[in-house]
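Dear colleague,

Please find below the structure that I am handing over to you. My findings follow directly after it.

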Amino acid sequence: MIISRTPYRISFFGGGTDYPSWYQEHGGAVLSTTINHYCYLTCRYLPPFFQTKSRIVWSQIENVTDNSQIAHPAVRAVLQYFEGEKNGVEVSHSGDLPARSGLGSSSAFTVGLLNAMNALQGRMSNKRELACEAVYIERDVLKENVGVQDQIATAYGGFNKIAILPTGDFAVEPVILPAGRLEELQSHFLLFFTGVSRNASDIAKEQMETVGHKKAELTELRKLVDEALDVVMHARDISSFGQLLHETWKIKRTLSPSIAPDFVNDVYMRAHSAGALGGKLLGAGGGGFMVFFAKPEHHEAIRKELQDFLWVPFKFETGGSSIIFYDPSSYSPGSLARRDFYHLREGEKGVSTSSGADKVIPMNVKKRITTL
C-alpha cells in the first residue's frame, strides 16, 4: 500500500500569467505558497479475489472491469498514462478541504496520484517530473483550460516565486526569510470558505480567450510579483503586502465578469470595512476560498463580520507532494501467481515447486516529461 500526501496552495500574485497563451509570448511569474492542508491518495494493487479489475473511491465508489470505464477523469487518464500497468488497482481519495474551491485541489490530486502510482511501481519521482507530468495529464490529455502554477506549486511545496519562460521551462525560487519575518507575514492572513464550489476550467477559458485584450492588466499583475517580493525580503512595512493584494484584486476583477460575482464583491467589501488591508478570491474565480491580509489586532473584527462563512486557520508548508507510507503490497505484480500451498506438495510427481512469485513483470511506462 502507498499513501501520498500533497498540499493545497494559495496563490498571492501573478495568477493569469501562467496560462500558455500568455507565457509563451511574454513569460510569466507567480508568488504562491503551499499550506498545511492536504490531499491524500491511497493506492495498492487490487487483490485477485474480485470480479472487478479496479476500485476507485472518491465522492463516488467505482468498481470497473476495465480502466477505460473509470468515470473520474484524472484517475482514468493517469492509469492510461501508465501504459504498461495491466493489473487492477484500488485508489482511495481523502482531502482536508473541498474540491473546486480555488486551492489547486485538482492539481494536488493529479500530482499525488502520479506520485503514488510511480511508488507503486517501485520508482521515485522528482518534483520536476511530477509537475510536468501533471500539466501533461490536465492540459494535453484531459484538455482542461488550466495554467501551470498549481501543478508546480503542489509538487514542489513551499513559499516560492515560480518563473515561467516562453519556452515552457520554469524555475522555482524559494523565498528565504528570517523565521521572525516569515511568522510576521503568516500572522496577517485569514482564510475563509464562501461555501461555493465551481468549475475553474470554465472560468479560466474566458480569461484565456481575452488574454490578447488584457495585455496592460496582465503586465501589471506580473510586476506585482516582484513588488511583493521586495516588501517581504527587504524589511519594508509588511502592511504594503496587503495593499498590493488590494491592487491585484482590483485588476483581477476586470479580466472577466465571472471572476467576482456580486456576492464575492460583497464579502470582500465587508472584510475590507472591518480592517482587511487587501485580499483576493483564490483560483480562477467565481467562488471557493477567499484570503485576506490584515493586522492581527483586526482579525477578531473580520471573523465576526464574516461569521456566516467558515474560517480556516493555516500555516505555510514546505514539503510538497510526498510519499508518507510505503509498504509494497503482497499483491504486487511479481506475486500474483498462485502459490497453491506448493511447499506442502513437494515431492508430488509432476508438481513444480516453483511458485513464480519472484518473477518481475516489466513496466513499460511512458518516457518522462520534463518541460511544459
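The accessible surface of the protein chain comes to about 16700 Å², and carbon and sulfur atoms account for 51% of that surface. Please note that this is a predicted model. Of the 372 residues in the protein chain, 53% are buried. The secondary structure consists of 11 helices and 13 strands.

Helix 8

Helix 8 comprises 19 residues, 215-233. At 1.5 Å a residue it should span 27 Å, and its end C-alpha atoms are 28 Å apart, which agrees. Its buried residues are Leu218, Leu221, Leu224, Val225, Ala228, Leu229, Val231 and Val232. These residues lie on the same side of helix 8, because they cover an arc of only 160° around the axis. The spacing follows a general rule: an α-helix has 3.6 residues a turn, so residues three or four places apart point the same way.

What covers these buried residues? The cover includes strand 1 (2-13), strand 2 (28-45) and strand 6 (159-164), as well as helix 1 (20-26), helix 6 (179-186) and helix 9 (239-252). Helix 8 is followed by Ala235, which has a positive phi, near 55°.

Salt bridges

Side chains of opposite charge can pair when their charged atoms come close. The count in this model comes to 14 salt bridges.

Asp150 belongs to helix 5 (residues 149-156) and Arg9 to strand 1, and the two are 141 residues apart.

Glu90 sits in strand 5 (residues 89-95) and Arg44 in strand 2, at a separation of 46 residues. Glu90 is buried at a relative accessible area of 17%, whereas Arg44, at 25% relative accessibility, counts as partly exposed.

In the pair Arg128 and Asp169, the side chains meet in a salt bridge of 3.0 Å, N to O. Arg128 is in helix 4 (residues 127-141), while Asp169 is in the loop between strand 6 and strand 7 (170-174), 41 residues apart. Arg128 has 26% relative accessibility and so counts as partly exposed. Asp169, with 31% relative accessibility, is likewise partly exposed.

Besides these pairs, Asp266, Arg270, Glu305 and Asp308 are linked in a network of salt bridges.

The segment after strand 13

Where is Thr371 found? Thr371 lies in the segment after strand 13 (322-326). Thr371 and Glu129 are 242 residues apart in sequence, yet their C-alpha atoms are 8.6 Å apart in space. Leaving aside residues up to four places away in sequence, Thr371 touches Cys132 and Gly168.

With kind regards

Technical notes
Residues numbered from 1 in each chain as written. Predicted model: local features only at pLDDT ≥ 70, side-chain atom pairs only at ≥ 80, totals over all residues. Heavy atoms only, no water. Helix = DSSP H or I, 4+ residues; strand = E, 2+ residues; numbered from the N terminus. Expected span 1.5 Å × (residues − 1). Buried < 20%, exposed > 50% of the residue type's maximum accessible area, 1.4 Å probe, protein only. Arc of directions from axis to C-beta. Contact = heavy atoms within 4.5 Å. Salt bridge = Lys/Arg side-chain N within 4 Å of Asp/Glu carboxyl O. Areas by Shrake-Rupley, 256 points an atom, 1.4 Å probe, with all protein chains shown as cover.
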